[in-house]
Amino acid sequence: PFKIEANKDYVIKDKDGEKIAEVSKSKTTKVKYDDDKKLLIYGSISKKKVSKEVRFEAKDGNNSNLILDVNRPSSSYDAYRGKIKLKYNSTDGNIWVINTLPMEQYTWGMGETTGTGPIEHTKVMTSIFRTYGYWYKKNATKYLKYGFTLRSDSGSQIYRGYDWEKKYPNIKKAATKTKGIIVKYDDEVALTPYCSWSDGYTRRYEDGHWGGYKDKDNYKGKKSSTYPWLDSVKDPYGKHSSYSTKKLAGSGNHMVGLIANGSVKLAGSKYKKKYDWILKYYYDNISLKTMY
């Protein structure tokens with residue numbers, strides 16, 4: 001079963017938002033699949049079956065400081081800030097753990113960096129993570145049939161919730177300094193891909209090594225017709241010192257957009273570039289807008 005623990009008193013609701021029970025923070029709620037698309041709730045309350053979905057929210061209505069631990073045995077990162085729902089989905093037969101929280105608090109749990117490098121680089125990363133999440137929320141439909149927008153892995157973005165937020169506090173600090181800032185191209189929210197290394201040039205979107213190596217050399221100096229901010233730029237900063245283009249592509253470097261190691265170098269003691277300069281170097285003709 002799922003074992004739900006909380007840092008403060010919480011409310012259990014069904015899929016229609018009807019309250020099932022109020023539970024003290026000292027009690028653990030267990031949830032497991034029962035039969036006929038129903039979930040069985042027990043432990044903190046007398047056994048109760050509900051259809052497809054169980055919700056957990058703060059009793060006092062303030063979900064921003066509610067921390068819910070779902071106790072995944074195989075994970076060190078299984079505590080989440082905000083609301084949680086356990087949702088059985090008949091499409092794939094899985095029970096999904098869905099965390100609902102504001103975009104800014106989602107950014108605090110960014111699992112794609114530890115924030116231990118230069119603060120301007122961490123601000124770069126939180127800005128593009130927030131932007132990518134914002135873009136997904138507005139445009140993506142892939143996972144809507146399961147009841148959510150983004151996965152918490154590399155299928156969307158790596159998000160590790162409250163445990164990561166607590167372990168790497170510089171991420172939250174950088175996110176706070178860039179609060180609400182989204183990368184835009186004209187009035188469009190810009191898709192902001194990045195990877196670790198380049199071979200000395202980034203690629204246009206059309207020429208990216210998406211999923212493997214492509215023997216193309218016609219990207220230099222050309223504009224992207226698909227995403228005009230994802231053009232090729234010269235990149236001595238994020239160039240790998242020994243890997244060939246083929247080896248870089250084989251290790252997952254699509255070389256489109258921002259190059260993370262280039263950003264680290266530019267933000268470091270030699271160049272001392274600010275996060276907005278770095279973003280505008282790698283993404284062509286973008287602007288940074290505070291959206292909330």
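**Core and helix packing**

Modeller: The largest nonpolar core has 65 residues, and those with the most contacts inside it are Phe 56, Trp 229 and Leu 258. A nonpolar core is a set of buried Ala, Val, Leu, Ile, Met, Phe, Trp, Tyr and Cys residues joined through side-chain atoms within 4.5 Å; buried means under 20% relative accessible area, exposed over 50%, partly exposed in between (1.4 Å probe, protein chains only). This is a predicted model, in which local features need pLDDT of at least 70 and side-chain atom pairs count only at pLDDT 80 or more, while totals for chains, interfaces and linings use all residues. Residues are numbered from 1 along each chain as its sequence is written, and side-chain values use heavy atoms, with hydrogens and water left out.

Biologist: Which element gives the largest share of this core?

Modeller: Helices here are DSSP runs (H or I, at least four residues), numbered from the N terminus. With eight residues, the largest share of the core comes from H2.

Biologist: How are the axes of H2 and H7 oriented to each other?

Modeller: The axes of H2 (residues 119–139) and H7 (residues 275–282) come within 8 Å and cross at roughly 55 degrees. Axes are lines fitted to C-alpha atoms, for helices over the stretch in contact, and angles run from 0 to 180 degrees between N-to-C directions. Angles under 35 degrees count as roughly parallel, over 145 as roughly antiparallel, 65 to 115 as roughly perpendicular and the rest as oblique. H2 and H7 are therefore oblique.

Biologist: Which residues of H7 make the contact with H2?

Modeller: Contact means heavy atoms within 4.5 Å. From H2, the contact uses Glu 120, Lys 123, Val 124, Ser 127 and Ile 128; from H7, it uses Tyr 275, Ile 278 and Leu 279.

Biologist: Is His 121 buried or exposed?

Modeller: His 121 lies in helix H2. Beyond its neighbours within four places in sequence, His 121 contacts Ala 260, Ser 263, Val 264 and Ala 267. Because its relative accessibility is 7%, His 121 counts as buried.

Biologist: At what angle do the axes of H2 and H6 cross?

Modeller: Glu 120, His 121 and Val 124 in H2 meet Ala 260, Ser 263, Val 264 and Ala 267 in H6. The axes of H2 and H6 (residues 260–267) come within 7 Å, and their crossing angle is roughly 140 degrees.

Definitions and conventions. Helices (H or I, at least four residues) and strands (E, at least two) are DSSP runs, numbered from the N terminus.
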